[in-house]
Amino acid sequence: MTSESAENTNQRWTSAQRSTLFAGVASWTLDAFDYFILVFVLTSVATAFHTTVVTASLAITLTLALRPVGALIFGAIAERIGRKPVLMANIVIFAVIELLTALAPNLTTFITLRVIYGVAMGGIWGVASALTMETIPQHSRGRVSGLFQAGYPLGYLIASIIYGLLFVHIGWRGMFAIGVVPILLAVFIGFRVKESPVWLAARGGKDQPKQAMFWPAVRKHWPTMIYAIILMAAFNYFSHGTQDMYPTFLKEQHGFTPGTVSIIAICYNIAAIIGGIVAGTLSQRYGRKKIIMIFALLALPCIPLWAFATGVWALGVGAFLIQFMVQGAWGVIPAYLNELMPEGTRAILPGFVYQVGNVIASPNATLQASIAQATGGNYGLAMAIVAGTVAIVIAIMIFFGKETRDTHFLASADATARGTA
């Protein structure tokens, strides 16, 4: 038996680790589901409130813009009192906001609720990814990274299915009302998920919490912070630039029915899930940098078919291919960011740089809608400009970045998890 095989044998998954993985993926899945509801019903919301798609798209922009606030608030609390209780509270808050959104009487109330939702949504990724990555065995980190990030397109996929099946019956308000379902996940976490073993070990146990090293870490590692923020801005333009306006592109530019839009969205989200898992798994063998670069650059030849084809089948194939590549590159990010950041800050710094990147990318929907409006409704051109540009930026930045695959967390999650299983 090789040393690697022996190590893997000694790091078999416990029931606690499996429950944590499910909770982490489900948190990000349901968060994405709630977010993408608006992407599908954007034109209906604009019609209901007697405004334009460009104006209504501000709700998307503001949601993204407020996410760093949530990352700081919920991440800082999670560093002090633990990942588990903060994640539960975070889920309850954004689920309740979704229900209130369904009852919004006017555009002002609607946008205000989306702003609050943005704060709540901002805390999920950092806290859930820290809890997950600090609990699982190290040798599984690449594969789990892909699984975790696949929760995002999985949420999009679920939204696609529900939109196709139920929208004509329940309308946009009914879609948002369904967003209260994640409260059930908070109950599961309360009963089945244990606190991060790395967080507990770093504090000497539940009864001896220590102050997180947030500000000292920021001062010491500010070049890494700046690099990560710019990288995540490019990644968020990559993701939102290929997803957020695509249903509108299919409906407005090509005149497809909600059913056709739903089918295409289902297909490209299946591709996104597969791509994330494949790339994350490959990154454990070949390194984070190499896999991110390959997938980002392979998105470039997919753009013409994805943005400029005319038939349903051609557009569907193009969307499938580009989301496989885009979300494949994304599938490495949960592991990459958590490995890049110093000890004592994983609940706050990865989520914070992720969400600050979101702020920089938050004008995407409004930008693409404006370009389309200025070019006679050519959403395809607007999306192609953004996707092509950021794919190149990501490849260049990753080339000059640090390889993190062999990073060891200070406290042994594996040993602690076995002791608490």
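**Salt bridges in a predicted model**

Student: In this predicted model, are Arg288 and Glu339 buried or exposed?
Tutor: The model is a prediction. A residue counts as buried when its relative accessible area is under 20%. By that cut-off, Arg288 and Glu339 are both buried.

Student: How many residues apart are Arg288 and Glu339?
Tutor: Arg288 forms a salt bridge with Glu339, and their closest N and O atoms are 2.6 Å apart. Arg288 sits in helix α15 (residues 288–298) and Glu339 in helix α18. The pair links distant parts of the chain, and the separation is 51 residues.

Student: Which helix holds Glu339, the salt-bridge partner of Arg141?
Tutor: The closest N and O atoms of Arg141 and Glu339 are 3.2 Å apart, and the two form a salt bridge. Arg141 belongs to helix α8 (residues 141–178), 198 residues from Glu339. Glu339 lies in helix α18.

Student: What is the relative accessible area of Glu98, which pairs with Arg114?
Tutor: Arg114 and Glu98 form a salt bridge, with 2.5 Å between the closest N and O atoms. Arg114 is in helix α7 and Glu98 in helix α6, so the pair ties together parts 16 residues apart in sequence. Arg114 is buried at 0% relative accessibility. Glu98 is buried too, and its relative accessible area is 0%.

Note on methods: Residues numbered from 1 in each chain as written. Predicted model: local features only at pLDDT ≥ 70, side-chain atom pairs only at ≥ 80, totals over all residues. Heavy atoms only, no water. Salt bridge = Lys/Arg side-chain N within 4 Å of Asp/Glu carboxyl O. Helix = DSSP H or I, 4+ residues; strand = E, 2+ residues; numbered from the N terminus. Buried < 20%, exposed > 50% of the residue type's maximum accessible area, 1.4 Å probe, protein only.
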